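Look at the fold as a whole before turning to single residues. The notes after the display follow that order.

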Amino acid sequence: QSAVRGLLSPGDPALLQKMLLGLIANAARAVGEGRVVLDLRGRGGRAILTVSDNGPLPDRRQLAALLEEGDWADIPQPGQGAGLGLAIIRDIVRRHEGTVLVDLGQATPSLVVSLPTGPMDSRIRVRTSSLQRDGGLNPVLVELSDVLPAGAFSLEGLD
């Protein structure tokens with residue numbers, strides 16, 4: 001849902017796509033079979049993206065990751081992932097002169113990403129490393145791989 005038709009934010013399109021897909025994948029994992037809502041608004045020269053879901057309350061480890069606190073020595077349980085998704089998202093947002101906030105005012109936490117819509121300082125270079133390659137894999141399928149059904153990766157019909 002969006003109150004605007006679109007907003008332009010300067011930066012690296014591949015990194016911004018990775019950030020957006022990471023937000024969607026994290027919310028989809030958290031909600032299971034519920035609903036994920038992305039809300040985009042423009043405010044004061046910034047793009048404000050809010051990602052929320054109607055899933056269950058986060059457990060202790062998930063809440064610690066959201067709030068960037070806690071003991072990272074916890075060994076992930078099967079199906080939990082390595083716990084790096086939010087750290088990567090925060091790094092991408094920081095490199096684009098943005099901020100990530102956690103809104104605990106709802107039934108379940110929402111992530112709010114604020115990115116500038118004006119020109120960035122010309123001395124700042126945000127660019128995907130030349131060593132970063134997709135290996136011929138669709139970046140959308142890769143980023144959402146753990147929340148998509150296995151059939152999305154089938155070779156059926158490609159002969």
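Two strands pair if DSSP finds at least two bridges between them. Helices (H or I, at least four residues) and strands (E, at least two) are DSSP runs, numbered from the N terminus. This is a predicted model, in which local features need pLDDT of at least 70, side-chain atom pairs count only at pLDDT 80 or more, and totals for chains, interfaces and linings use all residues. Residues are numbered from 1 along each chain as its sequence is written, and side-chain values use heavy atoms, leaving out hydrogens and water.

**The paired strands**
- Strands S1 (residues 36-43) and S2 (residues 46-53) run antiparallel and are joined by eight bridges.
- Leu38 has Val51 of S2 opposite it.
- The two strands form a hairpin with two residues between them, and Gly44 in the turn has a positive phi of about 55°.

**The whole chain**
- The chain has four helices and four strands, in the sequence order α-β-β-α-α-β-β-α.
- Of its 159 residues, 28% are buried (under 20% relative accessible area; exposed is over 50%, partly exposed in between; 1.4 Å probe, protein chains only).

- Asp12 lies in the segment before helix H1 (13-31) and counts as buried because its relative accessibility is 8%.
- The Asp12 side chain reaches the backbone nitrogen of Ala14 at 3.0 Å.
- His96 sits in the loop between helix H3 (85-95) and strand S3 (99-103), and is buried because its relative accessible area is 0%.
- A polar atom of the His96 side chain lies 2.8 Å from the backbone oxygen of Ile92.

Conventions: Polar contact = N/O pair within 3.5 Å; in protein donor to acceptor, adjacent residues only side chain to side chain.
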